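Good morning, and thank you for making time for this item.

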Amino acid sequence: MAKRTILSYPDPRLHTVAKPVQGVDARIKTLVADMLETMYDAAGIGLAATQVDVHERLVVIDTSEERNAPLVLINPEIVWASDEKVLNEEGCLSVPGIYDGVERSTSVRVTALDADGNPQTIEAEGLLAVCIQHELDHLLGKVFVEYLSPLKRNRIKSKLLKQQREDQKIDSREGRR
Ligand code: NI
């Protein structure tokens, strides 16, 4: 397993629309293992392949307290979402340090393949439902800040770009590129 680099907003690659996974082969199994390692290392509850610059429909999630219940969704589709919505504070590994309110359905039903390529149907509510909607948005090239006002989004963009420039300066001073 190997940790992968997480793209940071406003990297344009985050707006790529992912293509379906063609088969759950060795390459996909390695990707799943790498994404789980990357997500746990970053203390995230979900990670979409888009965020590690692989543009195929695959997400990993773990909303358990114990961090020992990985959920792998390959070619996921939301087949039903409740009309009832709830406003939650969201964050994202690609938008470090930023949290803001997004309205989502309280419950969803999702079909997907699991890590072995077997079909599964998941009924989710609460945090898991929110996380699934957030991660599936990534596969459509959508980052949660796009639900916020243009003013807020531009502020977030400037703040993160400034942070990224500072990080780059430190990197080049220390001789790592
Ligand atoms: Ni995210």
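This is a predicted model: local features need pLDDT of at least 70, side-chain atom pairs count only at pLDDT 80 or more; totals for chains, interfaces and linings use all residues.

Directly after helix α1 comes alanine 43, whose phi is positive, near 60°. Helices here are DSSP runs of H or I with at least four residues, and strands are runs of E with at least two, both numbered from the N terminus. Residues are numbered from 1 along each chain as its sequence is written, and side-chain values use heavy atoms, with hydrogens and water left out.

Let me stay with α1. The end C-alpha atoms of α1 lie 22 Å apart, which agrees with the 22 Å that its 16 residues should span at 1.5 Å a residue; the expected span is 1.5 Å times one less than the number of residues. Among the buried residues of α1 are Ile28, Leu31, Val32 and Leu36, where buried means under 20% relative accessible area, exposed over 50%, and partly exposed in between, with a 1.4 Å probe and protein chains only. The buried residues of α1 pack against β1, β2 and β3.

Those strands belong to an open, antiparallel sheet of five, ordered β1-β2-β3-β6-β7; two strands pair if DSSP finds at least two bridges between them. At its edges are β1 (46-48) and β7 (119-125), each of which pairs on one side only. Three bridges join β1 to the antiparallel strand β2 (residues 58-61), and glycine 46 stands opposite isoleucine 61 in β2.

I turn now to the nickel ion. Which protein atoms are its donors? They are Cys92 (SG), His134 (NE2) and His138 (NE2), at 2.1 to 2.2 Å from the ion. Donors are N, O and S atoms within 2.8 Å of the metal (3.2 Å for Na, K and Ca); water is not among the atoms, so sites may look incomplete. Along the chain, the donors follow the spacing C-x41-H-x3-H. Histidine 134 and histidine 138 are four residues apart in helix α2 (residues 126-139), so about one helical turn separates them. An α-helix has 3.6 residues a turn, so residues three or four places apart point the same way. Both histidine 134 and histidine 138 are buried.

Finally, serine 94 sits in the loop between β4 (85-90) and β5 (100-105). Serine 94 counts as buried because its relative accessibility is 0%.

Methods
Contact means heavy atoms within 4.5 Å.
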